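This briefing goes through a protein chain by topic. The sequence and the structure come first, and the notes follow.

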Amino acid sequence: CVQREGEPTDSMPTSSEALLALRKKEAEITRILACGSLGVANNAYEILSVPAGCAYKRIKKAYHELAMQLHPDKCTADGAKEAFQRVVEAKSQLEEKSGVRAQSQAAAEAAERAEREEAQRRKEADMKREQREALRRAQAKAQEEMEALIAQPPLSVNLAALEERLEKAERLGVREHVLANGRMAHEEAHAAQQRASCEAAGGPDLSRGSACGHAVRTDPGSGSDEYFAVGVFPCCCGEEHFWAMESAGVTGSEAFGPHSDVRPVTAGRGRCVFSHEESGRVAEGRYKDVTGLALLEATDPPALRRNQWSSTGRLCIELGGFRAEDVMWQFQRTDSADGYGPGWHNYLPDPESGADSVRLVEELWQQHQHWALTLALPEATAPGVTTGTRLVRSGKFKYSLDFAGVDAKAATHGLQTNSKTRVQRQVRRVSLTHACGCHTCERRKTAPAGRRGGLPPSFAPTPWRSQERPWWGDEAPPHGDAQQELWQLLTPAGDGLPACWEPRQSCSPVEVSGKEFEFVRAYFCQTLTSPGSYVGKVLRVQNEDAYRAYWPHGRESIMFHGCKTAANEDSIVQQGFLISKCRSGGKGFGTWFAYRSSYSDGRFAFCDAEGWRHLFVCLVSLHHVRKDDATMRVVGQGGAYPQWIVQYHNRPAGV
């Protein structure tokens, strides 16, 4: 390297002060290098120019002063680097001797450890923050998914998916009010779907339930007389489901009958299907809300509780195991009109509603007896005691009744007043053997619910969301002329069973030469389009249990039903039609019947080993109708009975 002219160097001072400093550094370098080996005692103190055994603080200060002078970055004089190295070694030796180095190392390690711990703490804090953010995102997503399900109509909600979302939201700790909304929506959707499922299976079976509360309210001034009843009924779905039902209507309409306002009692979230015990509590609560009475609470008669609910504390539709055929109620005529002559004539079924007038009046009479005797009205045993006027609106018949006395063997039992003409007639209660047998009474009477055995006529079921009229409206049903001959065979006898049935038979062949065989064959062939068909055998199905479970509500029809296997046919013969085994239209939808045998023959008639095809000829009512058109009808449980089995061949013409 070439030094420029005039450029200063350490050996060429620029001032007297710099020259003195350089001289001082050189002197220190010379002194340090002149010191003996560090292995000799006290030489380290001599190098640092401090007294032997001095404090470390002074050693450290001396080291810093020498380092400022002799550090290679500060001093370029000859021997400076070697001198600085000896200063560092002297300091290290004295530090070890005084234990300062160990302390410094421990301090350094402590600092390093603290730094690592701080880094770990920051890392954990960052991780927790990320976890909180991830949790918030997961909660928001779970809430969004749950709200998307909740926003759907209750019948469309996927309950399994909603339950899964609720469990996930609970695990993630979603806010409680959001979970509460989800649980509420789940309950509402479950109730709606369960109700829809049970209604599709037939809804409440009003033929097998039990009423548990009945009250009446009258106001003669305004001409009102009504009742309210509640009951518990099993579901047609076959599960352990029960409905709490209420029935309301004017006096004259049958409780839980076709002309009453029958509807389910709902609980929280729209639930109307319960366990048996819960349905009883729901029915009791509804009865209390409407009437203000406990189920078995007895009150004064309506005459003393105008426009208030009154009750006997008993069920008027189950009083004493009453049967419509046990007694007869009659009214007295003093003139000749409407086909009646003077004398006592029977109460007949209402021609419009079909209400059993005898049953109705008997229920009102027993209510009167209870109020007069059990509640000990003044002079209850007197012939003229009355518990108030009852107004009857049963369809065409509109009248009022005033019962007098409580003696069932009295000559007369009250007074009937026609609401329109105001004509009054005496009424009486007699045994069935004293019923009027005149032409008019016999011609107009029907056998109300005779085939239903011991069930009270007022307990007849009402169709559950079924249509009240068949598809053909007020016109004659298909092939009605041929059906009329069959109806003669099916008229109930005294035991309520069809007149054509034979004692102690189950499934027996019909005599080929008899009218029954000819009528069934003629009707079957009239509705079969295959030419040359030959009916070889007709079997009459006599299953009393299945027949008494059949409800002939509305216009009955004679229709056809086919089976694909012999096992299915045997099951129907032994148990009747069970919608729990039906699959067409969905499980439990209903049993399908065709108006024409040609429809069933085309797809559903099976052939036995001998080549005979089999079809059922059935009684089908409008009970629990699911579908009814020009081709077929679908009914729920109790809406059909398999009356005959026809075995036939479809042979080509000329064979």
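In which loop is Ser49 found? Ser49 is found in the loop that runs between α2 (43-48) and α3 (56-70). The coordinates discussed here are those of a predicted model. The chain contains 15 helices and 20 strands, and 44% of its 655 residues are buried. Of the contacts in the chain with a separation of 6 or more, 67% are between residues 24 or more positions apart.

- Most residues other than glycine have a negative phi.
- Ser49, which is not a glycine, has a positive phi of about 60 degrees.
- Arg422 is not a glycine either, and its phi is positive at about 65 degrees.
- The place of Arg422 is the loop between β10 and β11.
- Arg422 counts as exposed because its relative accessible area is 55%, and the cut-off for exposed is over 50%.

**The six-stranded sheet**

- An open sheet is formed by six strands in the order β7-β6-β11-β10-β9-β8, with antiparallel pairing.
- At the edges of this sheet are β7 (343-346) and β8 (390-393), each of which pairs on one side only.
- On average, neighbouring strands of the sheet are turned by 35 degrees against each other, direction ignored.
- Strands β9 and β10 are paired antiparallel through five bridges; Tyr399 has Asn418 in β10 as its bridge partner.
- Strand β10 (residues 414-418) is joined to strand β11 (residues 424-431) by four bridges, and the two run antiparallel.
- Across that pairing, Gln416 has Arg425 in β11 as its bridge partner, while Leu415 stands opposite Gln426 in β11.
- The hairpin of β10 and β11 has five residues between the strands, and Arg422 with its positive phi near 65 degrees belongs to this hairpin.
- Helix α9 (residues 357-373) lies across β6 (327-333), β8, β9 (398-403) and β11. The angle between α9 and β9 is about 30 degrees.

- Strand β1 (residues 210-219) pairs with β2 in the antiparallel sense, with nine bridges. Arg217 stands opposite Glu226 in β2.
- The two strands β1 and β2 make a hairpin with four residues between them, and Gly223 in the turn has a positive phi of about 75 degrees.
- β2 also pairs antiparallel with strand β3 (residues 242-250), again over nine bridges. Val230 has Glu246 in β3 as its bridge partner.
- Strand β2 (residues 224-234) is largely enclosed by the rest of the structure, because nine of its eleven residues are buried.

**Helix α14 and what covers it**

- In helix α14 (residues 566-575), the buried residues are Glu569, Ser571, Ile572 and Val573.
- The cover over the buried residues of α14 includes β12 (507-509), β13 (533-541) and β14 (557-561). It also includes β16 (606-607), β17 (613-620) and β20 (640-650).
- After α14 comes Gly576, which has a positive phi near 80 degrees.

**Aromatic residues**

- A pair of aromatic rings is described by the distance of the centres and the angle of the planes.
- The count of aromatic pairs in this model is 20.
- One aromatic cluster is made up of Phe331, Tyr340, Tyr347 and Tyr399.
- Tyr63 has Lys91 over its face, at 4.9 Å from the ring centre.

**Cysteines**

- How many disulfides are counted? The count is zero disulfides.
- A disulfide is a covalent bond between the sulfur atoms of two cysteines.
- Why does Cys54 count as buried? Its relative accessibility is 18%, and buried means under 20%, so Cys54 counts as buried.
- Cys500 also counts as buried, because its relative accessibility is 10%.

Methods. Residues are numbered from 1 along each chain as its sequence is written. This is a predicted model: local features need pLDDT of at least 70, side-chain atom pairs count only at pLDDT 80 or more; totals for chains, interfaces and linings use all residues. Side-chain values use heavy atoms; hydrogens and water are left out. A disulfide is a pair of cysteine sulfur atoms within 2.5 Å. Buried means under 20% relative accessible area, exposed over 50%, partly exposed in between (1.4 Å probe, protein chains only). Two strands pair if DSSP finds at least two bridges between them. Axes are lines fitted to C-alpha atoms, for helices over the stretch in contact, and angles run from 0 to 180 degrees between N-to-C directions. Contact means heavy atoms within 4.5 Å. Rings of Phe, Tyr and Trp (its six-membered ring) pair if their centres lie within 6.5 Å; planes under 30 degrees apart count as stacked, over 60 as edge-to-face and the rest as tilted. A charge sits over a ring if NZ of Lys or CZ of Arg is within 6 Å of the ring centre and within 35 degrees of the ring normal.
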